[in-house]
Amino acid sequence: MHFSNLLLPLLTLSVAAPAASAARINAAHGNARRAPAHRAADYEKIRREGTLAMEAREGYSHTNVKHERTNVAARNKGKRLVRKKKRATCQVHHNATSIVTSPTAAATESVTSSIGNEQHFANATETATSSSSTDGVSSAYTESITSTASSTSSAYTESVTSTASPTSSSAAASSTPSSSSTWSLVETWSGNTFFDHVNFWEWNDPTHGTVDFQGASDAWNSGLISINQQGHAIMAVDTTQHVQGGRKAIRVHGNRVFTGGLVIMDAWHMPTGCGTWPAWWQNGPNWPEGGEIDILEGVNAFTQNQVSLHTGQGCTMPGNINDNQVAQLTTGSFNNLDCSSANTANQGCGARDESNDNSYGAGFNSVQGGVYAMQWAKVGITVWWFPRYNIPSDITNDAPEPSGWGKPVAHFPSDNCNPYQFFYDHYNIFDTTFCGDWAGADSVWNYAGYAGQDQSCAAITGYSTCSDYVLNEGSAFANAYWEVASVKYFNSTTEV
């Protein structure tokens, strides 16, 4: 991934953590969604070409850029329930000293960007210190951006207030702000500085999507990203009717690298529609050893969200896991209690929220979205979903108290899956791709009857293939955009 146009002040923590955690200071900053092994040579070519281009553009030399090769895992996602293809990327190394001085970067399968912020939260007693770093780029990107994406719906700039009446939810909203929260706010992405916290992926989509990911400059100039009048970040796609090769879209990787914590994302709108494959997710280095957590993900006309884990060998779930979560583990050809990628042909552990038709896609947008919260703590990995009309007040007051949020959408306990052994050094990702190995698979494009989609996309669109539809029906993607109010990171010295 290429370097961000802005590097924020670095925030480091003095962490009293086990030796294993301390060793992760040198962990890689990479994207775990892998491509088939037979594409390894192609990605190696992309890596070499991209690295040379990056070094020429940024003035880096081989003396300060380390290169690491990673194994490209085959992720065969023929099963259409949880066995979805993941997105391959690169790994970036940095030295411990670079955390507080200047970023260093390296590329593997492609090129990625330097890490702006790193946090190691696991079992930590922290003392925060800060230092700043700049890369000398134009200050134009620090200016207030108020333009909207001309190629997408005018709803971006409209003031939206919820009129939905409360209905049953997976958890009851708090009536009063919490004054006993054990979680402290560490970082916020919001408003005009939202995109200062991310790096843009602008190379080929490793899941073979019909997409053309845009870099930061092109994204701003084309109006695919903007900050609307409400101060929300917009990440849209190109709606030109006919395109060739791939439709322009956005994929961003967060600068902050963290191990353990609570991440809360407030979105008013997410991409939806046949041909789309949007996700908000996170992963660590050396996939799958660093783990992957898919928090909000689905394809096409799904209305039900799927939360998934993908790990190295050894992470398993208890047989009664469904008793403690709203979602249900989906079935597949392998043991769905085994989260290992190797043992399940990359199926991992996937829990689909069949009880809430507003947790994903058009249903999500119909209630003006809401909040997804992911807690990564000693007790395990837990995800909650709150529609706009039912967000707990302790969340809105930045004093989150997950113990009062009720039964979560998904809870992957730590009984037989140490959350700091199988997951470490993660960063958050937003992306929208098209078709590819999941949304565009023939068995998915021509199939209906799961995840809330009752009619196949072939029948809905009249196109026999996903790619033909995406390339020739740009006006159909006016709703394929993210509108994100904020992403917030919290830490705790007792829960994590």
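Trainee: Which residue has its charged end over the ring of Trp268, and how do you know that?

Mentor: This is the charged end of Arg388, which sits 3.8 Å from the centre of the Trp268 ring. A charge is said to sit over a ring if NZ of Lys or CZ of Arg is within 6 Å of the ring centre and within 35 degrees of the ring normal. Arg256 likewise lies over the face of Tyr489, at 5.6 Å from the ring centre. Bear in mind that this is a predicted model, in which local features need pLDDT of at least 70 and side-chain atom pairs count only at pLDDT 80 or more, while totals for chains, interfaces and linings use all residues. Residues are numbered from 1 along each chain as its sequence is written, and side-chain values use heavy atoms, with hydrogens and water left out.

Trainee: How many aromatic pairs are there, and what makes two rings a pair?

Mentor: Rings of Phe, Tyr and Trp (its six-membered ring) pair if their centres lie within 6.5 Å, and planes under 30 degrees apart count as stacked, over 60 as edge-to-face and the rest as tilted. By this rule the count comes to 23 aromatic pairs. In one of them, the ring centres of Trp280 and Phe430 are 6.0 Å apart and the planes meet at 25°, so the pair is called stacked.

Trainee: Which parts does the pair of Trp280 and Phe430 tie together?

Mentor: Trp280 belongs to strand E13 (residues 276-283) and Phe430 to strand E21 (residues 427-434), so the pair ties together parts that are 150 residues apart in sequence. Strands here (E, at least two residues), like helices (H or I, at least four), are DSSP runs numbered from the N terminus. The chain has 9 helices and 22 strands.

Trainee: Are Trp280 and Phe430 buried or exposed, and how do you know?

Mentor: Buried means under 20% relative accessible area, exposed means over 50%, and partly exposed lies in between (1.4 Å probe, protein chains only). Trp280 has a relative accessibility of 0% and therefore counts as buried, and Phe430, at 1%, is buried as well. Of the 496 residues of the chain, 61% count as buried.

Trainee: What is Val383 called on that scale, and which residues does Val383 touch?

Mentor: Val383, found in strand E19 (residues 380-387), has a relative accessible area of 1% and is therefore called buried. Contact means heavy atoms within 4.5 Å; leaving out residues up to four places away in sequence, Val383 touches residues including Ile295, Val307, Tyr372 and Met374.

Trainee: Why is Gly404 not called buried?

Mentor: Gly404 has a relative accessible area of 43%, so Gly404 is partly exposed. Gly404 is placed in the loop between helix H5 (393-396) and strand E20 (410-413).

Trainee: What makes the backbone at Ala345 and Asn346 worth a comment?

Mentor: Most residues other than glycine have a negative phi, and most peptide bonds are trans. Ala345, however, has a positive phi of about 50°, and Asn346 has one of about 75°. Ala345 lies in the loop between strand E16 (328-329) and strand E17 (349-352), and Asn346 lies in the loop between E16 and E17. At 24% relative accessibility Ala345 counts as partly exposed, whereas Asn346, at 4%, is buried.

Trainee: What is the omega of the peptide bond from Trp287 to Pro288, and what is that bond called?

Mentor: That bond has omega near 5° and is cis, and Pro288 is found in the loop between E13 and strand E14 (292-297).
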